[in-house]
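Here is a short report on one protein chain. Sequence and structure come first, then the notes.

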Amino acid sequence: MPMTTKQQVFKTLYKAANSAENEAAGFVSGQELAAQCNVSRTAVWKAVNSLIKEGIQIQAVTNKGYRLANADDVISIEQLNSFLPENSKITFEVHSVIDSTNSECKRQCTQAEFLRFGDGLLSPEGEKLHEHVIVAESQTAGRGRMGRKFYSPAQNGIYLSMIYIPRQNIIQPAKMTATAAVAVCHAIKKVYGIDAKIKWVNDVFANGKKICGILTEGIANFETGEIQAAIVGIGINICETGKGFPQEISGIAGSLFGEKSVKTKRCELAAQTSIELARLYEIQEKDMNSAESRAIMQEYRDLTFLIGKTMEISPVINGQQKFMAKAVDITDDAALVVEKEDGTLINLQSGEVSLSSGKFI
């Protein structure tokens, strides 16, 4: 779908604002905007006013033009869409406050009569919800694995969930989570130039601390027992307020930039994360055994910092005792292979164990 004039205007102003050396720069004249967007100056004026009505601050100065003032402060559908490639199927929905983006995705999926007809066909509801991304400024009940809460304050990060409805069978849940972690690392690298790392199975680290959590959930058809759709929730901490993180997570949680005053580029990061997520899932759905699909899991291994480290492993089922083991590999289906002290090799599935984020040797 071609970009609207409003999206083109925002994208041009955003690029100018983020490439400007100081706050006095970053202006783009109305004539230049009209030429770049291939529209009239009147159309540019209308687009600017429409963006202002959405809460985006745009300065207009005689003989200088327009300048974007608060691209980081507001998340809007127009801004998100401006970063999408023209052939993207991704759609966005934005909330200022929500209980949980995953919960809202689940509500929308369960309210749909059918998601898939079978034989590689999605229902009209399924087509509408496939690659639909819900983005929130803040969450009141953000969730992580094992029922943990996910701290989700306004304007400090991005909180989003994507609904993914494959034409055929669902990709293995653990592999979907692993793939999402790779997508997040790609997005962070593209937007900020930062090399993030992964802690099996669903945490992304930077600066020695967890800056992102991922929660993958499924929507089941109770008649067939088939998982029809996946919901992939992602929360990324970009910066912190002066108060920092709550005491119970302050030793583990971190952010990409700490308390630094930076251009957070929240819309760009949310859009780029969604683009990477959809792109990698489409590769895997097309052919799980292709070279491209195998390369995703190899990259996951390369980005994982646990290999070679000894850690305390806490089983979460059957009341088993904690034990120490060394991580030696990750399988193609995203299981962690560990070696116990007696030399025994065990494949750990993500739902079976918990690893303390602060205890690696």
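The sections below go from the whole chain to side-chain detail.

## Overall picture

This is a predicted model. The chain has 361 residues, and 52% of them count as buried. Its secondary structure comprises 9 helices and 16 strands.

The accessible surface is about 17300 Å². Carbon and sulfur atoms hold 49% of that area. Among contacts in the chain with a separation of 6 or more, 65% join residues 24 or more positions apart.

## Aromatic pairs

The model contains 6 aromatic pairs. One of them joins Phe10 and Tyr14. Their ring centres are 5.7 Å apart, with 35 degrees between the planes, and the pair is tilted. Both residues sit in helix H1 (residues 5-19), 4 residues apart, so about one helical turn separates them. Tyr14 is buried at 6% relative accessible area. Phe10 counts as buried because its relative accessibility is 0%.

Phe10 also pairs with Phe83. Here the centres are 6.3 Å apart and the planes stand at 90 degrees, so this pair is edge-to-face. The link spans distant parts of the chain: Phe10 belongs to helix H1, while Phe83 lies in the loop between helix H4 (77-82) and strand E3 (91-98). The two are 73 residues apart. Phe10 and Phe83 are both buried. Through these ring pairs, Phe10, Tyr14 and Phe83 form a cluster.

## Salt bridges around helix H8

The whole structure holds 14 salt bridges. Glu276 takes part in a salt bridge with Lys190, with 2.7 Å between the closest N and O atoms. Glu276 is in helix H8 (residues 266-286) and Lys190 in helix H7 (residues 173-192), so the bridge ties together parts 86 residues apart in sequence. Lys190 counts as exposed, at 53%.

Glu276 also meets Arg279 in a salt bridge, at 2.9 Å from N to O. These two residues are 3 apart in helix H8, so the separation is about one helical turn. Arg279 is partly exposed, with a relative accessible area of 36%.

Arg107 and Glu104 form a salt bridge at 2.9 Å, N to O. Both lie in helix H5 (residues 101-111). They are 3 residues apart, about one turn of the helix. Arg107 counts as partly exposed at 31% relative accessibility. Glu104 counts as buried at 15%, because the cut-off for buried is under 20%.

Arg107 and Glu104 are also part of a network with Asp99, joined by salt bridges that share partners.

## Cysteines

How many disulfides does the model have? The count is 0. For Cys105, the nearest cysteine sulfur is that of Cys109, 6.6 Å away. Likewise, Cys109 is in no disulfide, and its nearest cysteine sulfur is that of Cys105.

Cys105 counts as buried, at 0% relative accessibility. Cys109 counts as buried, at 2%.

## A nonpolar surface patch

Which residues form the nonpolar patch on the surface? They are Phe114, Phe117 and Leu121. Together they have about 330 Å² of accessible area.

Phe117 is in strand E4 (residues 116-118). Phe117 counts as exposed because its relative accessibility is 53%, and the cut-off for exposed is over 50%.

Definitions and conventions: Residues are numbered from 1 along each chain as its sequence is written. This is a predicted model: local features need pLDDT of at least 70, side-chain atom pairs count only at pLDDT 80 or more; totals for chains, interfaces and linings use all residues. Side-chain values use heavy atoms; hydrogens and water are left out. Patches are made of residues with over 30% relative accessible area and no salt bridge: like charges are joined within 9 Å, nonpolar side chains (Val, Leu, Ile, Met, Phe, Trp, Tyr) within 5 Å. Accessible areas come from the Shrake-Rupley method with a 1.4 Å probe; for residues, only the protein chains shown count as cover. A salt bridge is a side-chain nitrogen of Lys or Arg within 4 Å of a carboxyl oxygen of Asp or Glu. Buried means under 20% relative accessible area, exposed over 50%, partly exposed in between (1.4 Å probe, protein chains only). Contact means heavy atoms within 4.5 Å. A disulfide is a pair of cysteine sulfur atoms within 2.5 Å. Rings of Phe, Tyr and Trp (its six-membered ring) pair if their centres lie within 6.5 Å; planes under 30 degrees apart count as stacked, over 60 as edge-to-face and the rest as tilted.
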